[in-house]
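This report describes the arrangement of a protein model for a reader who is new to structural description. Please keep the sequence and the structure in view while reading.

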Protein chains: 2
Amino acid sequence: MPNPTACILIIGNEVLSGRTRDANIQFLATELGALGIPVREVRIIPDDPLTIIGTVNAVRRIYTHVFTTGGIGPTHDDITSECIARAFSVPWEPHPVAWQRMADYYAKQTPPGDFNEARQRMATMPRGCVLIENEATIAPGFSVENVHVMAGVPRIMQSMFRALAPRLERGQAIVSATVHADGVFEGGIAAALTGVQLAHPNLDIGSYPYFRPLPVRGGVALVAKGTDADDVARAADEIEALLIDAGGVAVRGEPVTD
Amino acid sequence: MPNPTACILIIGNEVLSGRTRDANIQFLATELGALGIPVREVRIIPDDPLTIIGTVNAVRRIYTHVFTTGGIGPTHDDITSECIARAFSVPWEPHPVAWQRMADYYAKQTPPGDFNEARQRMATMPRGCVLIENEATIAPGFSVENVHVMAGVPRIMQSMFRALAPRLERGQAIVSATVHADGVFEGGIAAALTGVQLAHPNLDIGSYPYFRPLPVRGGVALVAKGTDADDVARAADEIEALLIDAGGVAVRGEPVTD
């Protein structure tokens, strides 16, 4: 059976403007790969209702899971939650559990906090959603069918993902092996590497040049990736051999470039 | 006249797998914003021909410019160039200038390099494209109509973008102002901030919580952004006032959180 698939939607003007460098894609891609739910696409979109609704409805039909980050706070630019309700054509309404929990939380603060209209928005959710708990804040995320709605702040998003992960049906974990060699460059090994790819059609064979200050110059890191660990190991052996043939000292693992 | 718009396409399995943390989005978003060509969408897609062709053809019709990074090297997984030719239904053929330059380059190396089939692929391009020069390597990028095809390695991509930028018609530069305050949280200022957004309908007003180790806890950074510098300055004054009303010490600029 093929693996389930994932799409990540990063919702936020701050990433599109360059103000913020996204920190969630790499975390989610790595974690989901380990669960056998490889990420097939990422889209970064603005805080615009029709864009959010249209994109959610496009990708939730293509991929097994959609993971959104951003736009579930209390301010006017946090519109993800109501857009998800509109995408699924369900009411956006107080979630009884989340509402009670947040009301209690603010009442117990010293001095008592104000569970005001802005904070109430964070307890207002699409009807029928399932909460995604988190240990970092009082406000939960939620899932509607295959769309999982999480915070944009990395610390909170990661806590939500840890709560969500056990609910996701896993595929076969993606296994990878990397071999690198200083002083070997892509143009000299491309033909041999094509041969490795053709011999292992179920694997992804990737080639990534790296650079270092002179006089070392850098080299190339070759990655074999797939769900069959034995196949990955055989490909890595062939990659090691071709790097040695090219005059390199083949080293298992990623190069250190910093 | 409204500003031109941009879409960034990051092409590469290595970003989707989490192996590589993208470094190009923030650079391009910042540079394009300064040119008045705001980025409206980013998509990260795999090295898969039909996905690349379909995505390029979808976004090039929506946005003024499309900037791609990745997949123009010499190895089997570098398929961006031929996919762009297929997207535009033009032949993929040797580019006379790029071909001659690369043949000369390898011939002049000591000992002479091999301008082999893999390297020839980097001089093979969609018919009618315009080269994007770069100072980092011998292999250029290229533009076909409004699609600008650049390398994925940040150093090379940045050099290509510097060569390309003067050819792009600029819009009005995006101006932004940030005011932050420790100890002020979004839930307490959301209503007042909505008022600022309503009073400045042509600006994007964004709210971004930040976190620091205890006992400071963090606070909120509020950003006003748009093409009218006076409007941005007035909004920043109002934001400063609302942060002071909320009991904060309002400070111009981004918070330091590291």
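## A buried glycine in a loop

Two residues are in contact if their C-beta atoms, placed from the backbone, lie within 7 Å. The model discussed here is predicted. Residues up to four places away in sequence are not counted; A:Gly71 then touches A:Ile11, A:Gly12, A:Asp47, A:Asp78, A:Ile79, A:Thr80 and A:Gly152.

Why does A:Gly71 count as buried? A residue is buried if 20 or more other C-beta atoms lie within 10 Å of its own, and A:Gly71 has 26 C-beta neighbours inside 10 Å, so it counts as buried. A:Gly71 and A:Val153 are 82 residues apart in sequence, while their C-alpha atoms are 9.9 Å apart in space.

## Chain A as a whole

Chain A has nine helices and 12 strands. Its C-alpha trace spans about 70 × 45 × 30 Å along its principal axes. Of the 258 residues in chain A, 50% are buried. Among contacts in chain A between residues at least 6 apart in sequence, 70% join residues at least 24 apart.

Chain A is divided into domain 1 (6-167) and domain 2 (175-252). The C-alpha centres of domain 1 and domain 2 of chain A lie 38 Å apart.

Which residues of helix 2 (residues 24-34) of chain A are buried? They are A:Asn24, A:Ile25, A:Leu28, A:Ala29, A:Leu32 and A:Gly33. Viewed down the axis of helix 2 of chain A, these buried residues fall within an arc of 145 degrees, so they line one face of the helix. Their cover includes strand 1 (6-11), strand 2, strand 3 (65-69) and helix 7 (154-164) of chain A, together with helix 1 of chain B. After helix 2 of chain A comes A:Gly36, which has a positive phi near 75 degrees.

In soluble globular proteins, nonpolar side chains tend to be buried together. The largest nonpolar core in this model has 102 residues, and A:Ile8 and B:Ile8 touch the most other members. Leaving aside neighbours within four places in sequence, A:Ile8 is in contact with A:Ile25, A:Leu28, A:Val39, A:Val42 and A:Phe67.

## An open sheet in chain A

Four strands of chain A form an open sheet in the order 10-11-9-12, with antiparallel pairing. Its edge strands are strand 10 and strand 12 (251-252) of chain A, each of which pairs on one side only.

Is strand 10 (residues 204-211) of chain A mostly covered or mostly uncovered? Strand 10 of chain A is mostly covered, with six of its eight residues buried. Eight bridges join strand 10 to strand 11 (residues 218-226) of chain A, and the two run antiparallel. Within this pairing, A:Ile205 stands opposite A:Ala224, and A:Tyr208 stands opposite A:Ala221.

## Covered elements of chain B

Six of the eight residues of helix 4 (residues 80-87) of chain B are buried, so this helix is largely enclosed by the rest of the structure. The buried residues are B:Thr80, B:Ser81, B:Cys83, B:Ile84, B:Ala85 and B:Ala87. Just after helix 4 of chain B, B:Ser89 has a positive phi of about 55 degrees.

Strand 8 (residues 147-150) of chain B is covered on both faces: B:Val147 and B:Val149 are buried on one side, and B:His148 and B:Met150 on the other. Strand 3 (residues 65-69) of chain B runs parallel to strand 8 of chain B and is joined to it by four bridges; here B:Phe67 stands opposite B:His148. Strand 7 (residues 141-144) of chain B runs antiparallel to strand 8 of chain B, with three bridges between them, and B:Phe142 has B:Val149 as its bridge partner. Strands 7 and 8 of chain B form a hairpin with two residues between them, and B:Glu145 in the turn has a positive phi of about 50 degrees.

## Where the chains meet

How many residues does each chain bring to the contact? Chain A and chain B each bring 47 residues. On chain B, the elements that each supply at least two residues of the side touching chain A include helix 2 (24-34), helix 8 (186-199) and strand 10 (204-211). By class, this side of chain B has 18 nonpolar, 15 polar and 14 charged residues.

Strand 2 (residues 39-45) of chain A pairs with strand 2 of chain B in the antiparallel sense over three bridges. In this pairing, A:Arg43 has B:Arg43 as its bridge partner.

Technical notes: Residues numbered from 1 in each chain as written. Chains lettered and ligands numbered in written order. Predicted model: local features only at pLDDT ≥ 70, side-chain atom pairs only at ≥ 80, totals over all residues. Nonpolar A, V, L, I, M, F, W, Y, C, P; charged D, E, K, R; others polar. Pairing = 2+ DSSP bridges. Buried ≥ 20, exposed ≤ 12 C-beta atoms within 10 Å, placed from the backbone. Arc of directions from axis to C-beta. Domains from an automatic or database assignment. Core = buried A, V, L, I, M, F, W, Y, C linked by C-beta atoms within 7 Å.
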